[in-house]
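Biologist: I should like to learn how to read the helix packing and the backbone of a model. Could we work through one case together?

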Amino acid sequence: MAEAKQSLMKSMFRGDILEGLVFPYPTLDADEADMVKIIEDNLLKWARDNFDAGQADTEAKYPDGTLETLGEMGIFGLIIPEEYGGLGLSQTAYARIFESIAAIDGSLPVTLGGHSSIGMKGLLLYGTEEQKKKYLPDLATGKKLASFALTEPGSGSDAASIQTRAVRQDDGTWLLNGQKIWITNGGYAQFFTVFAKTAVEINGEMKDKITAFIVDGDLPGFTRGPEEHKMGIKATSTVPLYFDNVVLSPDSVLGEVGKGFGVAMHILNSGRLGLSAGVVGGAKAILEKVVKHTRERHQFGRPIEDFELIKEKVSRITVDIYVAESMVYLTAALADREGVDFSLESAICKVRASEMGWGMADDSLQIMGGLGYMKGYPFERVLRDTRINLIFEGTNEILRLFIALAGMEAPGEYLKQLGQALQGPIRGFGFLADYAFTRAKEAVTTPRLVKVHPSLERYAGYLTKYVEKFHKSVDSAIMKFGKRIIDRELMLQRFADCAIDFYGMLAVLSRATSRIEAVGEEAAKPELDIVRIYCEGAWRRVRRNLRQIRRHEDRPVRRLAAYVTQRQKYDFPT
Ligand SMILES: Cc1cc2nc3c(=O)[nH]c(=O)nc-3n(C[C@H](O)[C@H](O)[C@H](O)COP(=O)(O)OP(=O)(O)OC[C@H]3O[C@@H](n4cnc5c(N)ncnc54)[C@H](O)[C@@H]3O)c2cc1C
């Protein structure tokens, strides 16, 4: 049996903190750092001379030659192994370059992410040697771009409900029929990872299961619809795809027949990480513009940077970027390690970074005042561009449910086994003894953090204290609700929000510890301020969320929503 992968956040749901996965805070490998620097310099120079983000937004397309130039710079082959013509970079290096691209414009990282993070990631993860040799060299140079095609008109968040179908023919080929919508890069991609239902025999019965396929862009019967008109990321291509009796060769299957849902989820783990790095890069670039303005703009005879309500926003944006950035680099390092499951961490990054991006865009626009609202300045565009991050690659609602439910899976399984053991005490004796031991251990131990710098002990104390409370609260919720917990979304959201804050606290504590060790406390003061501002807010949010597991207004919330939706309007006498 394959050994279970280590998971930092899943362990936290059981009350453990796997410190070894978090400390020391990861750094970029020196060889890769040089490569990243060269690519970043090239990108910035090219963008300065050749790319106008405002124009790309207005014209809803990139200037001619943009994608070709990015291809020549190696941008489309960043994570493709060198043997197939790519640069073979780690997830950490990829995240850094993603940041630089997003600092130029909001559309470019979506195009790159559609290609690398999700479009051809399935090929990297699950492709056979033949499939890799056939496609990766052209994907590495950008001669061909890739797309990930899951969403359909009737199937968005509920990805398992797709209707596109592939039927195996007697000669081993597959006949593909169906429709996809809103497919990034769809207008010009030549390589598609397409998900379709297929009939699979399970225990003598035929069942519908999803399978992932490679679909070439020029196959007969495959057509693309017109470009969507979008709110933001306007230069990206977003189109519907139609499959009308498309014949796929027997070797088009990616991974195993019937295992496509897992393929899609695995791909999205890395997609979410890239997306998060992009938001961080974009936010840093906007903060630079904002602080310039706060110094130059004078009101009441003073630069607006002097006013506390402006300082508060600048500080909030800074803290939020730092937290999201720390989470992204910690997660990238986890993704680069063997034997680590980073699915929860990348979902947490996506939620945290996308909400940081939205808050940052709002705060930045407010600091700019009326100027922020005007076209010709980037702030309204950034607000439009960044909004999509809360929706695609799993909406933040779905990801919060995923974080809570996937986190609870292990304690839930444990408690299920406990229930079985209680029904069959002799058979379950070993398990019961194990459970009793764990409980006894819990009764006397709180998770400990020994690697945090002593000056940060207070915040480490908050974390360990609340992880323990959290774990107990998770346990009792599972015992109380059992399977029905799936419908307790408001409660799950609270657990997810606790997990997000725990991960944020761990990430900043690890990063600040490394910083203090490198430069001393005095030089690390601004970072100590960040840790203080974030952790003081985080533990209070966690405390509130845990209290609201027991005392809440969920019932009236559900009732009121039902009242309004039943009447289909706002219906209160004035
Ligand atoms: C610009 C753009 C680019 C895209 N690119 C791609 C791409 O390249 N490939 C691809 O396959 N897809 C792509 N998508 C699709 C995207 O992934 C979906 O829009 C997303 O998964 C949400 O699905 P939906 O829009 O159908 O919303 P729905 O699933 O209809 O959800 C509507 C609302 O209900 C909420 N909701 C749904 N179920 C639950 C639940 N159980 N509990 C609580 N709340 C729930 C959602 O969070 C959301 O707020 C793209 C979309 C856009 C807009």
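Modeller: Let us begin with handedness: a crossing is left-handed if the near helix is turned anticlockwise from the far one by less than a right angle, and right-handed if clockwise. The model shown here is predicted. In this model, helix 17 passes helix 18 in a left-handed crossing.

Biologist: What residue classes make up the contact of helix 17 with helix 18?

Modeller: That contact has 15 nonpolar, three polar and six charged residues.

Biologist: How is the packing of two helices described in general?

Modeller: Two packed helices are described by the angle between their axes and the distance between the axes. Here, the axes of helix 17 and helix 18 (residues 525-550) cross at roughly 160° and come within 9 Å. Because angles over 145 degrees count as roughly antiparallel, helix 17 is roughly antiparallel to helix 18.

Biologist: At what angle do helix 16 and helix 17 pack?

Modeller: Helix 16 (residues 457-481) packs with helix 17 at an angle of about 155°, and their axes are 11 Å apart. These two helices are therefore also roughly antiparallel to each other. Their crossing is left-handed.

Biologist: How should I read the span of helix 17, and is this helix enclosed or exposed?

Modeller: The span is compared with the value expected at 1.5 Å a residue. Helix 17 (residues 489-519) has 31 residues and reaches 44 Å from its first C-alpha to its last, close to the expected 45 Å. Of its 31 residues, 23 are buried, so helix 17 is largely enclosed by the rest of the structure. Gly 520, with a positive phi near 90°, follows this helix.

Biologist: What do the span and the burial of helix 5 look like?

Modeller: The 14 residues of helix 5 (residues 91-104) should span 20 Å at 1.5 Å a residue, and the end C-alpha atoms are 20 Å apart, which agrees. Helix 5 is mostly covered, with 14 of its 14 residues buried.

Biologist: Where are Asn 185 and Gln 568 found, and is each buried or exposed?

Modeller: Asn 185 is in the loop between strand 3 and strand 4 (191-202). It counts as buried because it has 27 C-beta neighbours inside 10 Å, the cut-off for burial being 20 or more. Gln 568 is found in the segment after helix 19 (554-567). With 7 C-beta neighbours inside 10 Å, Gln 568 counts as exposed.

Biologist: Which residues come nearest to the ligand, and which elements contribute to the shell around it?

Modeller: Of the 19 residues around the ligand, Gly 156, Ser 157, Thr 184, Thr 395 and Glu 397 come nearest. Strand 1 (146-149), strand 3 (174-184) and helix 14 (396-423) are the elements that give two or more residues to the shell. Strand 3 gives the most, with three residues. By class, the shell has nine nonpolar, seven polar and three charged residues.

Terms used. Residues are numbered from 1 along each chain as its sequence is written. This is a predicted model: local features need pLDDT of at least 70, side-chain atom pairs count only at pLDDT 80 or more; totals for chains, interfaces and linings use all residues. A residue is near a molecule or strand if its C-beta atom, placed from the backbone, lies within 6 Å of it. Helices (H or I, at least four residues) and strands (E, at least two) are DSSP runs, numbered from the N terminus. Ala, Val, Leu, Ile, Met, Phe, Trp, Tyr, Cys and Pro count as nonpolar, Asp, Glu, Lys and Arg as charged, and the others, Gly among them, as polar. The expected span of a helix is 1.5 Å times one less than its number of residues. A residue is buried if 20 or more other C-beta atoms lie within 10 Å of its own, exposed if 12 or fewer, and partly exposed in between; C-beta atoms are placed from the backbone. Axes are lines fitted to C-alpha atoms, for helices over the stretch in contact, and angles run from 0 to 180 degrees between N-to-C directions. Angles under 35 degrees count as roughly parallel, over 145 as roughly antiparallel, 65 to 115 as roughly perpendicular and the rest as oblique.
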